[in-house]
Structures are given as C-alpha cells and as structure tokens.
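Have the viewer open as you read.

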Amino acid sequence: MAPWCLPMLDDAAGQDGPEWPGLLRAARAEAALLRGDLPAAAELAAAALDETSLPSWGVLVGAPLACLLTTAVRTGRYEDAAAYLTMPVPPALLETPFGLRYLQARGQYQLAVNRPYAALSDFQTCGQLLRDRGDDGPRALPWRIDAAQALLRLRRRAEARALLEEQLDGLPGDDGRTLGRALRHLAAALEPHERPALLTDAVEALQSAGDRVELAHTLADLGGAYHATGDARRARPALRRAWRTARECQAEGLSRSLLPGLSATSQAQGAGALLGGDRAAELSAAEHRVGSLAAQGHSNRQIAHRLCITVSTVEQHLTQVYRKLRVKSRTDLPVFLEDDDGPDSGLARDDPSLCR
C-alpha cells in the first residue's frame, strides 16, 4: 500500500469526510497504481469518488483525484486528465499530504502535454511545502525525481543531476521504486555510453519493487541507450520487453511510442532472424522457452525464477540453444525467439523439471 494511505485513514477518523468504503477504495487504488495495474487503479479511484459527493470528500479528494490523473496520463488519455483538473478542490488541499499527491499528478500531466515549466513549478511547490512542514525526509514524496525530469526536458542537465544525487543520498535500502526511478533519470543526465549500466541497475530495482509501469519506461530507456551506442543486438530485447510490459499495463502512449524503435532494430537484425529461423525446429520445448526469455533480455536468475527451475538448468538449456542456433551468446539470439508469444508466457507446464 502507498506510504501515505495509512496516515490518510488515520486523519479521516478524526474529521468529517467520505465513508470508509470510499477511503479504502482510494487506498486500494493507489496500491494498484504502484503495482502498475492501471485499469484497476482507475476503476477503484472512480468508484471511490462515486461513493459519496465530491464536496463531502473535503481535502481527502486529492487522493482519488491524483490517482485518476496519473492513470489517465499513463494510459495516454490526456483529455480525461484535463477534465479531472477542472474538478473543484478545497483551498486547504495544498496544506495536506493529499495536496502534494495532487500537485505531483498535475505536474506529470503538464510534462505529458509538453509544458515543462508548469510541471517544474508544481514539483518545486511540492518540495517547498514539504520543507515548510519539516517533512522533506528520505521517505517523503520524491519530488526531486519529478523536478529533475522537468529539468531534463528543459536541457538543464547539471541541475537535474544535482537533484537526483540529493534524492539518492540517504535513500532507504528497501525503497526500490524510488531508487529505480532516480537511477533512470540520472542515466538521462549522463553521456550515452554511461547509461546502460545505470539503467540495468534501475531495471533490477523496479522489478523487485513490482512497479511495472516504471519498469516499462526504464526498459524503453535501456533499449534507447543501447541503440544510441550502436548495440542493436541488446537494444531490441530491451525495447521488446518494454513494449510487452507497457501493453500488459495498458500504458498505450508508451507502447505506441516504442513501435518505431522496434521496427528499426528489427531491420538491423533481419538477416540473423532469417538464419536462426531455419534451425528453430532443433530446439526442444524447454530450450525454446529458456531461449525466448533470454532473447527478451531476462537474466539467468530471472528465467530460473520465472520457470521454477534452477539457474544451472537454465545454463544447460542456453548452452544447447547456442549450439543448435550456432550463436555465441544471448545477444546473438535471433529475433524470432523473442517475438514468440508461446514460450514468453513463462508457463512451461509440460517441463518435468519445473517445481510442483
């Protein structure tokens, strides 16, 4: 559940406001948002607002409204997001944690519609409000990451990097989501050849945190970083994983934006795909599953976890895949493997080596 959800419920107990079912739905909506389940987040937030009249929410209305705003932006429904911003909110909203979330969501909308100065103003206001309250600690709303994103859009890389390094300083070790987001945008402030290593760490952090939307964005950045350095073999698996993850989350704006990059890397790897396709019949079902996940960019450990087999088994399967396809490493795996939707499901039900 989101860090501010429990304080929201505590605060609500001492004041007039919406009924408990509405509050609980708002909390569940934010939790779904953090998991990257955009449809559930939108549905729960809308249901929370329907639970009682808008005026009855008081300052707490910032919670479901922020969630609706964020889901609308991430799914590319900018007209809906603009409509949410016209809904009346109480003047005292900005004096509460719910106002900070609302400001953050509004800033993210401003970024999405290419208004970086307005976005930066909202994010900096979040920071100022937190400082005024003496609550700008390591577990507070990470406004610096959002502000850095706006600064990067304005090509103010040095300022963005300083904010991100400040965010990372003292960050709790169990906050993988904030770590992953900070590393992702810090990579954007570096030179192209410096980005892949940082983005790889960001991917690991976001996978552990379970935030699929941020993971999709980070994989997209990783694919872009590989492409910028001329490494098309690594670029396509990362971009493909980003596209698949975005589609699963219904982050349609991101998934659409990835298609040109996938097309370009497909052309670069076309000859390899045709060559490998003739040898695919030599692969066993288990080898095909492992090879598919490896082609998409998963590590051996991730493949083992996903298929409920040991890392040693993964290595043995990959050795056979490389031999049969006559390639030297996972970066040489042909495109047809990572395009296959069957093994990519990760459910190798007919493999006797799977855990029961």
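**Helix packing and cysteines**

The axes of helix α7 (residues 97-112) and helix α9 (residues 143-153) come within 11 Å and cross at roughly 20°. Axes here are lines fitted to C-alpha atoms, for helices over the stretch in contact, with angles from 0 to 180 degrees between N-to-C directions. This is a predicted model: local features need pLDDT of at least 70, side-chain atom pairs count only at pLDDT 80 or more, and totals for chains, interfaces and linings use all residues. Residues are numbered from 1 along each chain as its sequence is written, and side-chain values use heavy atoms, leaving out hydrogens and water.

**α7 with α9**
- The helices α7 and α9 are therefore roughly parallel to each other (an angle under 35 degrees).
- On the α7 side, Gln-104, Gln-108 and Leu-111 make the contact, and on the α9 side Asp-146, Gln-149, Ala-150 and Arg-153 (heavy atoms within 4.5 Å).
- By class, this contact of α7 with α9 has two nonpolar, three polar and two charged residues.

**α11 with α13**
- Helix α11 (residues 176-188) and helix α13 (residues 212-228) have axes that come within 10 Å and cross at roughly 30°.
- That makes α11 roughly parallel to α13.
- Arg-177, Arg-181 and Arg-184 of α11 meet Glu-214, His-217, Thr-218 and Asp-221 of α13.
- The contact of α11 with α13 divides into no nonpolar, two polar and five charged residues.

**Cysteines**
- The count comes to zero disulfides (pairs of cysteine sulfur atoms within 2.5 Å).
- Cys-249 counts as buried because its relative accessibility is 1% (buried means under 20% relative accessible area, exposed over 50%, partly exposed in between, with a 1.4 Å probe and protein chains only).
- Cys-308, at 35% relative accessibility, counts as partly exposed.

How values were computed
Helices (H or I, at least four residues) and strands (E, at least two) are DSSP runs, numbered from the N terminus. Angles under 35 degrees count as roughly parallel, over 145 as roughly antiparallel, 65 to 115 as roughly perpendicular and the rest as oblique. Ala, Val, Leu, Ile, Met, Phe, Trp, Tyr, Cys and Pro count as nonpolar, Asp, Glu, Lys and Arg as charged, and the others, Gly among them, as polar.
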